[in-house]
Amino acid sequence: MTPVARRWEQTLLRPIVLTVMLVCVMWSLSQVIGLIAPGWSHGLLLSICGLAALEAYISFRVVRGRYISGIELWQFRAVEAGFGLLAIKIATLIARGAPTLPAATDVISVIAALLDAETLLLFFLAVVCALSITDSLTDFEILDDLPALKEAAVRDANRSPLDALTTRFFVGGGIMVAAAGLARVDFTNLLNTQRAPVTGLVLNVLVYFVLGLLMLARTRYVALAQGWQARGIKIAEDLSARWMRYALAFVTLTAVFAFALPTGYTSGALGWIAVALDFIVWALLILLAVVMSLLAVPLNWLMVRLARWLPVNPAILRPPPLPKILPTTATPWQLHGWYDSVRSWFVWGIIAAMAAFILLTYLRDRPEMLNALKHSRWLTALQRWWWALRQRVSEAVSAARAASLLTRWRDWRRRQSGLPHAPLFRLGAASPREQIRFYYLGLLRRAAEQGFPRRPAQTPSEYEPMLTAHLPDAQEEADELTRAFMEARYAASEIPPARARHVREMWRRVRAALQKQKRQRPL
Amino acid sequence: MRRYLLFLLFLFLTAAVLRVDFFFTLAYLFFGVYVLGQMWAGRAQRQIHVERRFVPRAFCGDEVPVRVTVRNLGRLPIPWLEAHESLPVELISPPFHAEAFSLGPRAQHQFTYLLNCRKRGVYRLGPFTAHTGDVLGVEAPRTSEGAPESFIIYPRVIPLAALRLPTRSPLAALPARAPLFEDPARVTGVRDYARGDSPRRIHWTATASAGRLLVKQYQPAIARETLIVLDLNRESYDHRVRYDAIELAITTAASLANHIIVRERLPVGLALEAVDGLTQQTTRFFLPPRPERLHLTHILETLARAQMTQAAPLADILRRERPRLAWGATMLIITGQIKDDVLTELAGLRRAGFAVALVLVQSPPAPAAIQARANLLRIPIHAVWTERELGGGL
């Protein structure tokens, strides 16, 4: 049985992609840490995380290659952690320079000076990176190995490696989005809902999600292909490559679509959230003030009692001057003009459509809930009202149309010409039987234009040899079209819509052959 | 899917609270992946068209290739398709054909498999099951099924060396294609229209008043037609050899019909009551005697579809079919057991002017008492137990 994932994919591509994604997450985290600790070195953190990912990959291979397990594994991990800590310390020393150490006799103080907060934080983040990489590689290994996949399915039916990888992708993405957002918004200004929106591309977030989606697509293929192999299903050779091509095209097109949509909104749309947040903050402040007042009452009483025993300093009793009210520096976001309003309502509409779609999908998966909703009294009454409204509106529109001058003029013209009223033929609204008849009659018309018309006495079967003789490129299609027409014209059996679609395809090929012939015909 | 929606909700809230425009774009991206993925999968499922090309009828021992063409009728590609063809195990050994592939816009994929026709019967090829979905696994795979198609294997036909059937016609051995046996000038009555009846026989006045197709029945001048009455009642065959005996009875009927039509060029009909392999319901089959080769095909097809039944006594069938035959016709009864009521009915047929012959598909010969009674009634009994015996002629 050939492995689904290729060797280079397992050993090179996956570790690289995982490392890049991890660095993207760490970049956002590093920016947040940089806000708290201004001297924070982003490059140092990213280098350490990258190296930790590399080390995790190598140690994963070593552990698997030498079958290390049990106590030995714990020892191995301890040594790894020790060396990792040492390496991080050396790296910080190189980056920051040697710190001033206390006297050598005070060992605890020396250790405390060496293991400062920066080193410990770097170590913690490096461990997180290493664990993420190891867990992801383990899940990939289970996916690649069919017996291991079966064993994992038996061991825990509710958790598959694919689920674990997907969850990790979303959790990592969530952390990164939150961190990237916080890094772009001033902490002190976090609860101010009237602040200006942050614009611009967040590159590391984009890279993470695009790579992650492609990785998910690949993982999905590997999981399905393993199942197919297990059931002895033949897999087409080009399926793997096509899958990735389609995934890339799909993600790219969706990204183009996403970038084309507007993102700005006014208080008319998502400003409701801002209002709600303002209210919550206001309520919290009031509550805090009430609690503080209640706490201050006994303290006040106590202070008043104590003050009688203390000498009075008149300078203290004077109230301090009130602080000056400075003009606000933050420019409140405001959108002017009809364009912004339209754009804002467009965003609002998209969000409403998304919510409706998700709700519909949810209900579609639960038909019993949908049925209960359909039969609810309120909804039935609403539906009845809606139909009555529609009927009245359509009646009014029809009456208006009939009374309009244009309709009268058309009627007059028709009466003058003496032609009967013929409603327009809409192919989309026609039945499959009518559609097939339409295609065949269309073929006859085109054939007549090309110089080989059907004689009135000829049956479709008699005409077919003539047709196929003139259309060497589409003989099968012409034959099929003729048969479909005879079925549609003379058989009483029901014709499914798929049959009409298939015949349409045949008709297109015949039409193309006719057009080609027309082009090639000498003048 | 739940994780996906939760993440989408988180993205929207983060974007709204932190007011980062790019996160809205991200949310659109994920929502687009979710919606467009579903739409793509749904559309792909609707655009799959499956077509099987094969000869729908075959004889035992034939190998029939089946070419399945899966077409994508849409403009969008189908990213993956797991195709599975369900087939009867009598025709092909498992595992059945299953393949995973991808289809470009308006592209097609073909695969072929061979059917080994080992046993007569009506079989269903399919349904063709197709699983498809999106590339990212946002939604569970969708399944669609194509309609199954019927495939008929005719019963084995053994060339008979000679056929010594009783007949009241002095010209029985001579070939005659012309319908000489009925006198159209003498209409004796009408009956329901049956497949194979000439449109000339339709009695239009009676049809109009009855509201259903009726054909004229003429008084026969000389009847040289044969009706094969096949007994497929399970109680008529010894339970130890029931299945083999019934198959042999069907082979016998097919061989006799073939011999009479192809070699002797005389009309032959078929009457039986059996479970129809197509509908799985007990059905009465009656094919009136006709001499054409196409009629032989109809007989073979009927025999291919027939399966044994539980409630169809032979005596009842004989009683029911007797009025449909012209005077002087030969009734050829194939059964596994002779009962008293059948003999009584056969005696009645003899008295009514029919020629009667009995083919007994049975391992031990018929009991002496029965044999003696049949001889008394001048009903010839032909015992058949192997195909070789059948090949030797009756």
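B:E82 stands opposite B:A100 in β5(B). The model is predicted. The strands around this pair come next.

**The sheet**

Five bridges join β4 of chain B, residues 78-85, to β5 of chain B, residues 98-103. These two strands run antiparallel. They belong to an open sheet of five strands, ordered β1(A)-β5(B)-β4(B)-β8(B)-β9(B). Pairing in the sheet is mixed.

| Helix | Residues | Strands touched | Direction relative to a strand |
|---|---|---|---|
| α9 of chain A | 239-260 | β1 of chain A, β4 and β5 of chain B | about 40° with β5(B) |
| α2 of chain B | 21-46 | β4, β8 (128-132) and β9 of chain B | about 10° with β9(B) |

Strand β4 of chain B is touched by α9 of chain A, and α2 of chain B touches β4 of chain B as well.

B:D340 is found in helix α7 of chain B, which spans residues 340-351. Is B:D340 buried, exposed or partly exposed? Its relative accessibility is 48%, so B:D340 counts as partly exposed. The cut-off for exposed is over 50%. Leaving aside neighbours within four places in sequence, B:D340 is in contact with B:I370 and B:R373. The C-alpha atoms of B:D340 and B:A315 are separated by 9.5 Å. Those two residues lie 25 apart along the chain.

Helix α8 of chain B covers residues 368-376 and packs with α7(B). The angle is about 10°, and the axes are 11 Å apart. Angles under 35 degrees count as roughly parallel, and α7(B) and α8(B) are therefore roughly parallel to each other. From α7(B), the contact is made by B:D340, B:L343 and B:T344. From α8(B), B:I370, B:R373 and B:A374 take part. By class, the residues of this contact are three nonpolar, one polar and two charged.

**Chain A overall**

Chain A has 19 helices and one strand. Of its 523 residues, 33% are buried. How many of the contacts between residues at least 6 apart in sequence join residues at least 24 apart? In chain A the share is 71%. Chain A exposes about 33900 Å². Carbon and sulfur atoms supply 67% of that area.

Note on methods: Residues numbered from 1 in each chain as written. Chains lettered and ligands numbered in written order. Predicted model: local features only at pLDDT ≥ 70, side-chain atom pairs only at ≥ 80, totals over all residues. Heavy atoms only, no water. Pairing = 2+ DSSP bridges. Helix = DSSP H or I, 4+ residues; strand = E, 2+ residues; numbered from the N terminus. Contact = heavy atoms within 4.5 Å. Axes fitted to C-alpha atoms, helices over the stretch in contact; angles between N-to-C directions. Buried < 20%, exposed > 50% of the residue type's maximum accessible area, 1.4 Å probe, protein only. Parallel < 35°, antiparallel > 145°, perpendicular 65-115°, else oblique. Nonpolar A, V, L, I, M, F, W, Y, C, P; charged D, E, K, R; others polar. Areas by Shrake-Rupley, 256 points an atom, 1.4 Å probe, with all protein chains shown as cover.
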